[in-house]
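Subject: Structure handover and notes

Dear colleague,

Please read the notes with the coordinates open beside them.

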Amino acid sequence: RNVKLVSKSKKEKSQGSNFFQRSRNAIMGAAGAVRRVATKGAGAFAEDNRKIEALVLASDGMIWSGCSNGLLVQWDGNGNRLQDFHHHPCAVLCLCAHGSLIWVGYVSGMVQVLDLEGNLLAGWVAHSGPVIKLAVGDDYVFSLANHGGIRGWALATPGPIDNILLSERAEKKYLYTRQDNFRILVGTWNVGEGKASQEALATWLGSAILDVGIVVIGLQEVEMGAGFLAMSAAKETVGLEGTSSGQWWQDAIGKTLDEGSTFERVGSRQLAGLLIAIWVRKTLRAHVGDLDVAAVACGLGRAFGNKGGVGLRLRVLDRIMCFVNCHFAAHLEAVNRRNADFDHIYRTMAFTRSSNLLDNAAAGVSSAAQMLRGTDAAAISPDEEKPDLAEADMVIFCGDLNYRLFGISYDEARDFVSQRCFEWLREKDQLRAEMKAGKVFQGMREAIIKFPPTYKFEKGKPGLGGYDSGEKKRIPAWCDRVLYRDSRVAPSMECSLGCPVVASILQYDACMEVTESDHKPVRCKFNIEVAHLDRSVRRQEFGKIFRYNDKIRSLLAELRYLPEVAVSTSQIFLQNQEAFSLIITNRSRQDNAFFQITCQGQLAINEDKQKSENRPKGSFGFPRWLEVTPAAGMIKSDQDVEILVRQEDFYNTEDTADGIPPRKWSEDTREKEVILMINVKASRSTEVRTHQVHLRCSFSANAVCMISRSSSRGNEGSSHQRSNSSRRNEGSSHHRSNSSKRNEGSSHHKSNSSRRNEGSSHHRSNSSKRNEGSSHHKSNSSRRNEGSSHHRSNSSKRNEGSSHHKSNSSRRNEGSSHHRSALQHVGSASDMMNDHQGFHRT
C-alpha cells in the first residue's frame with residue numbers, strides 16, 4: 001500500500017510537471033504568435049528607418065542626405081549614390097555645409113563635424129534635446145534645439161583654438177566650479193499583486209520624505225498571471241507598456257508625496273509586474289532633466305517580464321544618475337541564475353540616448369576632450385561601447401533580488417532574528433558572499449543591514465511572528481535590497497570635478513509594521529554631494545578668453561583669409577544655342593577656394609533698348625533657358641575650373657504646337673540679360689568675395705524657323721500650309737495625310753481632319769473648309785475666302801488680298817487684307833513669314 005502511495009505521488013508530481021510544461025509552452029506560443037504578427041505589421045514601416053530627413057549641397061558640388069537611421073549618403077550632381085557613412089545611430093534631423101566642413105545635427109542632441117570626404121572630425125552634445133536646425137553666420141555655426149535653445153559654435157572647430165580654450169578654462173575652473181548637495185529616497189517593495197492602504201504608504205514614505213529632493217520607488221509583482229505576462233510580452237514588442245494597476249500605484253504614492261504641490265512626477269517605466277517611478281521636489285525641478293527609460297526582461301526565454309529590470313536615467317545638476325528596479329530568479333539554489341540576471345541587465349540595459357552624450361550636454365562650448373568623447377560615443381558597434389549604466393556618475397539598484405540565507409535552518413534563522421543577531425546572519429547572506437567573490441554587483445556598495453529579513457511573511461500578521469510558518473517554512477531572507485555606486489574609485493576620495501558625485505547613506509531600514517504583502521517595504525535615504533559647473537559663469541569666462549586672448553585672435557584673423565581668384569571675363573554674349581566656357585582660377589598656393597554661382601535676376605531688352613523690371617528668382621536664380629554647369633564647387637590651390645554657360649534646349653521635337661517649340665509661343669523672344677554672381681569663400685570663414693559677370697542672350701527669328709522645320713514638313717511656292725500640328729501646301733497641288741492633308745495644283749485633297757480646295761477646286765472638311773481663288777472653303781470651325789472668295793468660320797474669318805478675314809477672337813489685316821486670330825496679334829517676322837506668294841501661319 002505504501003508503494004502504491006509513493007507511486008501515486010510520483011504520478012501526480014509527473015502530471016503536475018507536465019501541466020506546468022504545457023502551460024509554459026502555451027504561454028510562449030501565444031506570446032510568440034503575437035510577436036510575429038506585431039513584427040509583420042511593423043515590417044511595413046521598416047523602410048521608415050531609412051527615410052531621408054535632411055539634404056544639403058556641399059561646397060564641392062556634392063549632395064548629402066541624412067536618414068532617420070543615422071545614415072549619411074553622398075550623391076553627385078547627377079543623382080548617383082557615391083558613398084554611405086554611419087557615424088551615429090540616432091536619426092539625422094538637419095545638415096549644414098560651409099567651406100570644407102559638413103555639420104550634422106541628430107535627434108540625440110549631438111552635433112558632428114565631417115570633412116568633404118565624410119571623415120568624422122569631431123562630435124559633441126550641443127543640446128539636451130533634438131537639434132532641428134543648423135545655420136552659419138558671423139564665423140559661427142548656430143544650432144537650434146526643439147525646446148528653443150540656440151547655441152553658437154566656432155567655425156574654427158576643430159582646430160588649435162580648441163586646445164587654447166581647454167588650457168585657459170582649466171586655469172579658471174575655480175571661478176565657475178560649484179558644489180551642492182541634496183537627498184534621495186529610494187524605496188522598494190514586492191507588493192504581491194496587492195494594493196496598499198494610505199496608512200501603509202504613509203508609514204513607509206511619510207516621515208522619510210520631509211528633507212529629500214528626489215523620491216524613487218521600485219515595485220515588484222504589481223500584476224502577475226500567465227495571461228498577463230504573455231500579453232505584456234506581446235505589448236512590449238510593439239512599444240506598449242503600463243497597466244491600470246501600475247497607474248493606481250503611481251497615483252496612490254503621488255497622493256502620499258503631496259504630488260502637485262510639493263513633488264512633481266517626472267517619469268516612470270513598467271515591464272509586466274515591474275514598475276519604477278520618480279518624483280522630484282519642485283524646488284529642485286529646474287536642475288533635473290533629460291529623463292530616459294529602459295527595460296530588460298529576464299523571465300522565460302528572456303522575453304517575459306516576471307523577472308528582469310526597469311530603469312530610469314536623468315540629469316541632476318549636470319550629472320547623470322541611473323536608478324534600476326530589479327526582480328531576480330527565485331529559490332535558494334538559483335544563486336547562479338540571479339547572478340546571471342544582474343549581468344544581463346547591467347550589460348544590455350540601453351536608454352534612449354547614449355549616456356556618453358548626455359554627460360557632455362551641459363557644456364556651453366566645444367573642447368578637444370568633448371570631441372574625443374563624442375567621437376568614441378558615436379561608434380557603431382555596441383561591442384566597442386561601455387554599457388549605459390557604466391557611463392553614469394551614479395547608479396542605484398533596488399528591488400527583490402531574491403538572494404537567500406544559506407547554511408542555516410528555518411528554526412535557527414528564526415532564533416537569530418528574534419535575538420536580533422543580524423551580524424551573524426549577514427555571514428549567511430548569499431548576496432554578500434557573491435559580492436565578496438566578485439561574481440555580482442561588482443564595484444557597488446550596500447549599507448550595513450540592521451533590520452530583520454524582509455521575506456517571507458504571512459499577509460496580515462504584524463511583527464516578527466508573521467514569518468511564514470506554513471508547510472514550506474521558507475527560511476527568512478533579506479530579499480529586498482538597495483545597492484549603489486558613485487564616482488569614487490576609493491572610499492577616501494572627496495567630491496570634486498574629477499569625482500563629481502559622492503554618496504553617503506543616512507537611513508537604511510524596513511517597515512516591519514506594514515502587512516499588505518509577504519514582503520516588507522524597504523527604504524534607503526542618500527545624501528548626495530555633487531560638483532558641477534556654473535554654466536552661466538563658464539560662458540562669460542569663455543567669452544572673455546575668446547575676445548581677449550591674443551593667440552585666438554591671431555588664429556581667427558588667419559581664418560578670415562580669402563584666396564585670390566581670377567575670372568576670365570566679365571561680359572558674355574550668347575546667341576541661340578551657343579555655349580561659352582568661363583574660367584575661374586584659384587591663384588592661392590595655400591588654400592582651396594569654394595565658389596557658388598547665382599543669378600541676380602532676369603531683364604528683358606525691349607525694341608527701344610529699354611530694360612524691363614528685374615525679376616529675381618529663388619535658389620540659384622537661373623532662368624529656364626540658361627544652364628550653368630557646375631554652379632558650385634571647390635577649386636584646389638593654384639588650379640582652375642571651367643564653367644560651361646549655354647542656352648538650355650529644354651524642349652524636344654514632340655513638345656511642339658504647329659511646328660513651333662512651346663518656348664516660342666509661351667514667352668517672348670526678346671533679348672535677355674542676367675547678372676551672374678560668382679561668390680568665392682575660404683574653407684572656414686564667412687567672408688565672401690563676389691565677382692559679377694554680365695550675360696546677354698539673343699534669340700533670332702531664323703532660329704525659330706529652323707526649329708520649326710526640324711519638327712514639321714514645309715511646302716513653298718504659292719501654296720498654303722495648314723495642319724493640326726503644321727499643314728503646308730506647295731504650288732497648286734494637294735497633299736493628303738492623317739495628320740495634315742495637302743492639296744496642290746487643281747487636285748482635291750479630302751480627309752476626316754481637313755479638306756482643302758485651291759484654285760478652282762473645293763476643299764471641305766469637318767474641321768475646316770477652305771476656298772481659294774474662285775472657290776469657297778467652308779468649315780464648322782473656319783471658313784476662309786482668299787482672292788475673290790470668302791472664308792468664314794465660327795472661330796475666324798480671314799480675307800487676304802481683296803478678301804475679308806473675320807474672327808470672333810481676333811482680326812488681322814495684312815497689306816490690303818485683314819487678319820484676326822483668337823490667340824494673339826502678331827505682326828513680326830517670327831510669327832508670320834511670306835514665301836513667294838504663300839503665307840506661313842501658326
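Aspartate 290 and arginine 315 are both buried, where buried means under 20% relative accessible area, exposed over 50% and partly exposed in between, with a 1.4 Å probe and protein chains only. Their side chains meet in a salt bridge with an N to O distance of 3.0 Å, a salt bridge being a side-chain nitrogen of Lys or Arg within 4 Å of a carboxyl oxygen of Asp or Glu. The pair links distant parts of the chain, since aspartate 290 belongs to strand S16 (residues 288-297) and arginine 315 to strand S17 (residues 308-316), 25 residues apart; helices (H or I, at least four residues) and strands (E, at least two) are DSSP runs, numbered from the N terminus.

Before going further, please note that this is a predicted model, in which local features need pLDDT of at least 70 and side-chain atom pairs count only at pLDDT 80 or more, while totals for chains, interfaces and linings use all residues. Residues are numbered from 1 along each chain as its sequence is written, and side-chain values use heavy atoms, with hydrogens and water left out.

The structure holds 25 salt bridges. Another of them joins arginine 313 to aspartate 292, with the closest N and O atoms 3.5 Å apart. Arginine 313 lies in strand S17 and aspartate 292 in strand S16, so this pair ties together parts that are 21 residues apart in sequence, and both of these residues are buried. Arginine 302 and aspartate 341 also meet through their side chains in a salt bridge, at 3.0 Å from N to O. Here the link runs from the loop between S16 and S17, which holds arginine 302, to helix H7 (residues 335-348), which holds aspartate 341, 39 residues apart. Arginine 302 is partly exposed, with a relative accessible area of 38%, whereas aspartate 341 counts as buried at 5% relative accessibility. Elsewhere, salt bridges that share partners join Lys172, Glu541 and Lys544 into one network.

Next comes the sheet. An open sheet of 6 strands has the order S14-S15-S13-S12-S22-S21, with mixed pairing, where two strands pair if DSSP finds at least two bridges between them. Strand S14 (263-271) and strand S21 (501-510) stand at the edges with a single partner strand each, so one side of each is left without a neighbour in the sheet. From one strand to the next the twist averages 15 degrees, with axes taken as lines fitted to C-alpha atoms, for helices over the stretch in contact, and angles running from 0 to 180 degrees between N-to-C directions.

Within this sheet, strand S12 (residues 177-190) and strand S13 (residues 214-220) pair in the parallel sense over 7 bridges, and glycine 187 has isoleucine 217 in S13 as its bridge partner. Helix H4 (residues 198-206) packs on the sheet and touches S12, S13 and S22, its direction making about 145 degrees with that of S12; touching, or contact, means heavy atoms within 4.5 Å. Helix H6 (residues 244-256) likewise packs on the sheet, touching S12, S13, S14 and strand S15 (274-281), and its direction makes about 30 degrees with that of S15. S14 and S15 pair in the antiparallel sense over 8 bridges, and arginine 269 stands opposite isoleucine 276 in S15. These two strands, S14 and S15, form a hairpin with 2 residues between them, and alanine 272 in the turn has a positive phi of about 55 degrees.

Arginine 523 lies in strand S22 (residues 522-533) and is buried, with a relative accessible area of 9%. A polar contact of 2.8 Å joins its side chain to that of aspartate 509, a polar contact being a pair of N or O atoms within 3.5 Å, of which, within protein, one must be able to donate a hydrogen and the other to accept it, and residues adjacent in sequence count only if both atoms are side-chain atoms. A polar atom of the arginine 523 side chain also lies 3.1 Å from the backbone oxygen of threonine 203.

Finally, alanine 154 is in strand S11 (residues 150-154) and counts as buried at 11% relative accessibility. Leaving out residues up to four places away in sequence, alanine 154 touches Trp103, Asp139, Tyr140 and Phe546.

Best wishes
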